[in-house]
Structure formats: structure tokens, C-alpha cells
Amino acid sequence: MAGETFHCSVVTPEKRIIDDDVKYVSMPVWDGQMGIEPGRAAALVRLGIGALRLDFASGGTHYYMVEGGFAQMLGDELTILCDRAMPGEQLVESDAEKEYEEAKSVEATGDEVAIEAKMEAMQAAREKKRLAALVGKRGI
């Protein structure tokens with residue numbers, strides 16, 4: 001399988017979540033979504049909020065909800081350092097909907113930092129709900 005896979009590590013401040021060979025990774029970056037395949041040129045990107053998809057060399061796909069951080073592709077090694085990562089199967093649509101409504105109801109009066117925090121919380125809740133629905137449909 002040489003040339004058909006690359007090594008991927010996913011690390012949060014608390015622990016190393018993934019340290020395995022993959023065939024494909026899709027990750028949220030600050031300005032959209034980015035796919036990584038074997039042979040990808042070197043890259044350093046800022047992560048956004050959303051679904052991280054990992055297609056493992058041994059088979060199977062896993063999803064994680066990630067929020068912030070950085071990713072580096074160098075040679076045949078992808079290192080993802082993220083602030084938070086939650087397995088997709090742990091997400092519940094109704095919980096995400098409640099989280100969204102709570103974030104939406106927060107008063108953010110004119111303070112740019114408060115407004116940005118509110119918008120990020122709303123985006124995270126929307127992405128959690130979307131990923132929970134996706135994982136639920138696929139039975140992953």
C-alpha cells in the first residue's frame with residue numbers, strides 16, 4: 001500500500017486521539033473544507049469548526065467534531081493539533097439544537113469579542129447537529 005496511504009496523528013491538549021495510517025482526510029479549515037490524499041504537497045493550515053473525516057487504511061471511516069487548531073502536512077505525515085475533538089458517535093442532534101438555542105439567546109451587546117464568541121458557539125452547535133445527523137444516518 002505504499003503511496004496509497006499516509007500517517008495521521010490527531011492530538012488535543014488532553015491526549016493523542018489518532019495515530020494511524022489513512023487513505024483520506026477531510027478537515028474544516030478557517031475558510032472552508034480541505035481534503036488530503038497521499039502525495040499532497042506540504043501545507044500548514046488553521047483549522048476551523050466542523051467535521052473531521054478520517055478514512056483508515058485498514059478500512060472504515062470515523063468522524064470527529066473539531067474546533068480550532070492547526071494541521072501540517074509534511075511528506076507522508078499529517079499532524080492535526082486541535083483545541084477540541086469529539087467523536088461523531090457521541091453527538092446527539094437534540095443536544096446540539098439546545099446548545100444552538102442557548103448560544104443564540106446570549107446577549108452580545110456591541111462588544112466584538114462577545115459577538116465573535118456568540119457566533120462561534122452558534123456555528124459549533126450547527127456543525128454538531130449536522131455531524132450528529134450524518135453519523136446517525138450512516139450508522140457509524
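The legends below describe close-up views of a predicted model. Residues are numbered from 1 along each chain as its sequence is written, and side-chain values use heavy atoms, without hydrogens or water. Local features need pLDDT of at least 70 and side-chain atom pairs count only at pLDDT 80 or more, while totals for chains, interfaces and linings use all residues.

**View A. Strand 1 and its two partners.** Helices (H or I, at least four residues) and strands (E, at least two) are DSSP runs numbered from the N terminus. Two strands pair if DSSP finds at least two bridges between them. Strand 1 runs antiparallel to strand 2, with six bridges, and a hairpin of four residues connects these strands. Histidine 7 stands opposite aspartate 21 of strand 2. With strand 7, strand 1 pairs in the parallel sense over five bridges; here serine 9 stands opposite threonine 79. Five of the six residues of strand 1 are buried (under 20% relative accessible area, 1.4 Å probe, protein chains only).

**View B. Strands 2 and 3 around methionine 27.** Five bridges link strand 2 and strand 3 in the antiparallel sense, and the hairpin between them has two residues. The bridge partner of methionine 27 in strand 3 is methionine 34. Leaving aside residues up to four places away in sequence, methionine 27 touches (heavy atoms within 4.5 Å) residues including Gly32, Ile36, Val45, Leu52, Ala71 and Ile80.

**View C. The largest nonpolar core.** A nonpolar core is a set of buried Ala, Val, Leu, Ile, Met, Phe, Trp, Tyr and Cys residues joined through side-chain atoms within 4.5 Å. The largest one has 23 residues, and Val25, Met27, Leu52, Leu54, Leu78 and Ile80 have the most contacts inside it. At least two residues come from each of strands 1 (6-11), 2 (16-29), 3 (32-36), 4 (43-46), 5 (49-56), 6 (61-74) and 7 (77-87). Strand 2 gives the largest share, five residues. Another core, of nine residues, lies apart from this one and includes Ile49, Ala51, Met65 and Ala124.

**View D. The largest pocket.** A pocket is an open set of points on a 1 Å grid over the protein atoms alone, where a 1.4 Å probe fits, with protein on both sides within 12 Å along at least five of seven lines; lining residues have an atom within 4 Å of a point. The largest pocket holds about 390 Å³ of space, a volume filled by probe spheres set on the points. Of its 20 lining residues, Gly48, Ile49, Gly68, Glu120 and Gln123 are the closest to the centre. Helix 2 provides the largest share of the lining, six residues.

Conventions. Buried means under 20% relative accessible area, exposed over 50%, partly exposed in between (1.4 Å probe, protein chains only).
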